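Hello,

Here is the structure I promised to pass on. Please take a look, then read my notes below.

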2 protein chains.
Amino acid sequence: MATLKDIAAHCGVDISTVSRVIQGRDIRVSKVTRAKILEAAESLHYRPNALARGLKTRRSGAVVFALSNTTRYVYPEIIDGAQEKAEELGLCLFLYCYSPRQAAAESLIDLSHEGRFDGVMFHDLPHESFIEELRAASLPFVSLNRYESVGERYVCLDDEAGFRAQANYLADIGHRRIGFVGVKPDSEISRRCRSAFCGALEERRITVAPNLMFECDFEGLDFVRVATEIGSGVRRPTAVATASLATAVHLVAALKGQNVRVPEDVSIIGYHDAPMGAWHRPALTTVRMPFRIQGRRAVERLYDILNGTEPGGEVVGPPPEIVERESCTPLA
Amino acid sequence: MATLKDIAAHCGVDISTVSRVIQGRDIRVSKVTRAKILEAAESLHYRPNALARGLKTRRSGAVVFALSNTTRYVYPEIIDGAQEKAEELGLCLFLYCYSPRQAAAESLIDLSHEGRFDGVMFHDLPHESFIEELRAASLPFVSLNRYESVGERYVCLDDEAGFRAQANYLADIGHRRIGFVGVKPDSEISRRCRSAFCGALEERRITVAPNLMFECDFEGLDFVRVATEIGSGVRRPTAVATASLATAVHLVAALKGQNVRVPEDVSIIGYHDAPMGAWHRPALTTVRMPFRIQGRRAVERLYDILNGTEPGGEVVGPPPEIVERESCTPLA
DNA sequence: TTGAAAGCGCTAACAC
DNA sequence: GTGTTAGCGCTTTCAA
């Protein structure tokens, strides 16, 4: 690999001059010298050595998106947005998948202390003390989920608006007996989603019956139970909203097992969109949230934090949008 | 962060002595000194600076798993195995998600030239010239898919055995009119899978009718077409094998749209296993492949390559295993 | 068994 | 506008 020294030798100048030109932020270099250096760098395929640079500047120039499981439907869009912004800012974006064997915060802190990256963004909180440990270690972070403990360090979606949109859509197309399948019992986010959903319906004088409020443990097989209760109830709902796309997929499958047809017998609306939503049969009506933009903003904010600015927490737009497909049908 | 210098000062020895002890591979240090140093390192929470070390050794100590899309069902298991082995070897494993905007090989090569990682493993080939470009750039790599162009640098699964097992299972439980839904038309791997599957059946004097051989484009909605052909054919198959778990999921959904029940009307067997297989209704019978071990071996081999040994290409065991669930039923 | 010293490639004062 | 210089934290050869 070519180094500054090579370019300097090639151009008959000092490496400090080359360094200035390569960094591009210094005008105290003559046009001629600059052009000569740039040309040499190009032809020698020069790439600055991130290790040497980082050793000097105490910055690796890399940021990490930490996650426990790659397969969530929403990740590709977040990652793509994040990657796009990272390219624009000259940062290197890696994903880091902490394993069940590790204490997530600890392994991230260790890695950052080794100088492997400068900051981290994440969606899930792998364990209770996660945020506090990052904070105690002064590891710059951005949360993609709003949690009370996060303070100002979040870039999140407007889930209140999302669930209100979901509720209003069902009401708009005539549904009155409505169910809701949330996720992750007892989390703050779970509560927030539920109350936004129910609140929007209440404004329209629609109440969600307690026996139609569910919370599904993703890891288990609770969908079967939910589907049974939905399918066999005396007053079956005409529509059910779910708090994720995957939940909708599983619910439809489980309902099928109960001989409940979607959308003929019951309409299902998901939350978040992904290719699966369109592939699925019936294609899933859902609420589209701006994940790509969230990814972009998260990296941008991490960049700001690394540079000493710390603007307040942020809710990214644009507003949620209903994607109408096959799984919801108006109530005649 | 504590440095070697801090520890040296703390113990009243030279930093070179500390360096030897920290690396752990040098016996030319007295027991007493060693213990003292180790204790100091512990209490100061010393972490070697990967940038400084890498600058000197010309090794970053990081390897990358490159992929285009995180959501594939098989990745978590590969990643977990890879991560596990990386921990054992003292390597740092990052995922790198190349974007559609970039030339994948080029961006990986650039990053490696910056010294950000030493080698790369990957499952998919993002573009035709990928391998050749990596090779031309002398970037160490391991492919998780066997391709002719890869040479010896692969660690792959025994898909021939997998598809034979799949075929034999269906035959064992009495099916004779059998269909097959492959993926990715015209790829080498697609051809290999198909011929292994058909070959195993032919040995039992079962022929797969040409109109029951499908290749589904994942991105499109071909599943509906396939399901229609399967469902409406005069001689409907009693069982259909698919080349992925996701294919099985989509196929079941699409068949449902044709009022074809699984497994009552037709048995479906997937390929590869993942949590989705158990969650799905009907739960999916499938062929379990040793992905975790593949991930482990890939990192191990990358490590070997980085250290100058280049053993031959490798097919990892143990042999495939049929996971019997609900989607297949014996033919009476 | 331990220390001295050079240098990996780069940045950033500072001097000219 | 350009060069000189010191040093980031570490490894490794050589000498003691």
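**The DNA strands**

DNA strand C is surrounded by 25 residues, and the closest are A:Thr3, A:Leu4, A:Ser16, A:Ala52 and B:Ser16. Here a residue is near a strand if its C-beta atom, placed from the backbone, lies within 6 Å of it. Both chains supply elements with two or more residues in the surface near DNA strand C: α1 (4-11), α2 and α4 from chain A, and α2 and α4 from chain B. Helices (H or I, at least four residues) and strands (E, at least two) are DSSP runs, numbered from the N terminus. By class, this surface near DNA strand C has nine nonpolar, 10 polar and six charged residues. Ala, Val, Leu, Ile, Met, Phe, Trp, Tyr, Cys and Pro count as nonpolar, Asp, Glu, Lys and Arg as charged, and the others, Gly among them, as polar.

Before going on, two notes on reading the model. It is predicted: local features need pLDDT of at least 70, side-chain atom pairs count only at pLDDT 80 or more, and totals for chains, interfaces and linings use all residues. Residues are numbered from 1 along each chain as its sequence is written, while chains are lettered from A and ligands numbered from 1 in the order in which they are written.

DNA strand D has 26 residues around it, with A:Ser16, B:Thr3, B:Leu4, B:Ser16 and B:Ala52 the closest. The largest share of that surface comes from α2(B), with six residues. Its classes are nine nonpolar, 10 polar and seven charged.

**The two protein chains**

How does chain B relate to chain A?

Two residues are in contact if their C-beta atoms, placed from the backbone, lie within 7 Å. In all, 43 residues of chain B are in contact with 42 residues of chain A. On the side of chain B that touches chain A, α5(B) gives the most, six residues. That side divides into 22 nonpolar, 13 polar and eight charged residues.

**Domains and core**

Chain A is assigned domain 1 (4-47), domain 2 (56-157 + 291-316) and domain 3 (159-289). These bounds come from an automatic or database domain assignment. The C-alpha centres of domain 1 and domain 2 of chain A lie 34 Å apart.

The largest nonpolar core has 183 residues. Such a core is a set of buried Ala, Val, Leu, Ile, Met, Phe, Trp, Tyr and Cys residues joined through C-beta atoms within 7 Å. Buried means 20 or more other C-beta atoms within 10 Å of a residue's own, exposed 12 or fewer, and partly exposed in between. A:Leu251 is among those with the most contacts inside the core.

**Backbone details**

The peptide bond from B:Val262 to B:Pro263 is cis, with omega near 5°. B:Pro263 sits in the loop between α11 and β9 (267-269) of chain B. A:Ser138 is not a glycine, yet has a positive phi of about 55°. A:Ser138 is exposed, with 8 other C-beta atoms within 10 Å.

Best wishes
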